[in-house]
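I opened my notebook today to look a structure over, one feature at a time. Come and read along.

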Amino acid sequence: MKEIGISEFKAKCIDKLKTVKITGEPLMVTLRKHPIAVINPYIEDASRKRELGKLRGRITVHGDIVHSDFMDEWEMEQ
């Protein structure tokens with residue numbers, strides 16, 4: 001893991017963050033040689049991506065899901 005002093009990090013923040021993103025290597029920010037922060041690349045969770053049509057062919061709908069048989073059981077106030 002690379003280390004960088006806080007003053008240098010402040011001066012080159014954007015470039016350092018882009019480097020972490022590209023290389024995937026974490027960066028440790030230090031203050032007087034003592035670690036104060038570690039910057040890790042963001043890893044997108046692939047399981048959270050929605051895939052349209054993923055369940056196609058796995059689900060069977062029986063009957064009419066739009067018009068239910070319970071319409072007469074509901075009372076509406078006018």
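Below are my entries, in the order I looked things up.

**Entry 1: what I am looking at.** I am working with a predicted model, so I keep that in mind on every page.

**Entry 2: salt bridges.** How many salt bridges does the rule give? I counted 1 salt bridge. I found glutamate 8 and lysine 12 joined there through their side chains, at 3.6 Å from N to O. Glutamate 8 has 35% relative accessibility, so I noted it as partly exposed. Lysine 12 is partly exposed too, at 40%.

**Entry 3: the largest pocket.** Next I looked for the largest pocket and read off a volume of about 160 Å³. Its lining includes Lys2, Glu3 and Ile4, and also Thr19, Val20 and Thr23. I was pleased to meet Glu8 again, as one of the lining residues. Two elements, β1 (2–5) and α2 (13–23), each give two or more residues to this lining. Which element gives the most? I found that α2 does, with 4 residues. Sorted by class, the lining has 5 charged, 4 nonpolar and 2 polar residues.

**Entry 4: a closer look at α2.** I wanted to know how much of this helix is covered. Of the 11 residues of α2, 1 is buried, so I wrote down that α2 lies largely in the open. Just after α2 I came to glycine 24, which takes a positive phi of about 80°.

**Entry 5: two strands side by side.** I moved on to β2 (residues 27–31) and β3 (residues 34–39). They run antiparallel, and 5 bridges join them. One pair I looked up was methionine 28, whose bridge partner in β3 is valine 38. The hairpin of β2 and β3 has 2 residues between the strands. In this hairpin, arginine 32 takes a positive phi near 55°.

**Entry 6: threonine 30.** My last stop was in β2, where threonine 30 is found. Is threonine 30 buried or exposed? Its relative accessible area is 7%, and the cut-off for buried is under 20%, so threonine 30 is buried. What does threonine 30 touch, leaving aside its neighbours within four places in sequence? I listed Glu3, Ile4, Gly5 and Ile6, and then Pro35 and Ile36. Looking back at the pocket page, I see that Glu3 and Ile4 are also among the residues lining the largest pocket.

Terms used: Residues numbered from 1 in each chain as written. Predicted model: local features only at pLDDT ≥ 70, side-chain atom pairs only at ≥ 80, totals over all residues. Heavy atoms only, no water. Salt bridge = Lys/Arg side-chain N within 4 Å of Asp/Glu carboxyl O. Buried < 20%, exposed > 50% of the residue type's maximum accessible area, 1.4 Å probe, protein only. Contact = heavy atoms within 4.5 Å. 1 Å grid on protein atoms, 1.4 Å probe; cavity = no way out; pocket = protein on both sides within 12 Å on 5 of 7 lines; lining within 4 Å. Points joined across faces, edges and corners; volume = space filled by probe spheres on them. Nonpolar A, V, L, I, M, F, W, Y, C, P; charged D, E, K, R; others polar. Pairing = 2+ DSSP bridges.
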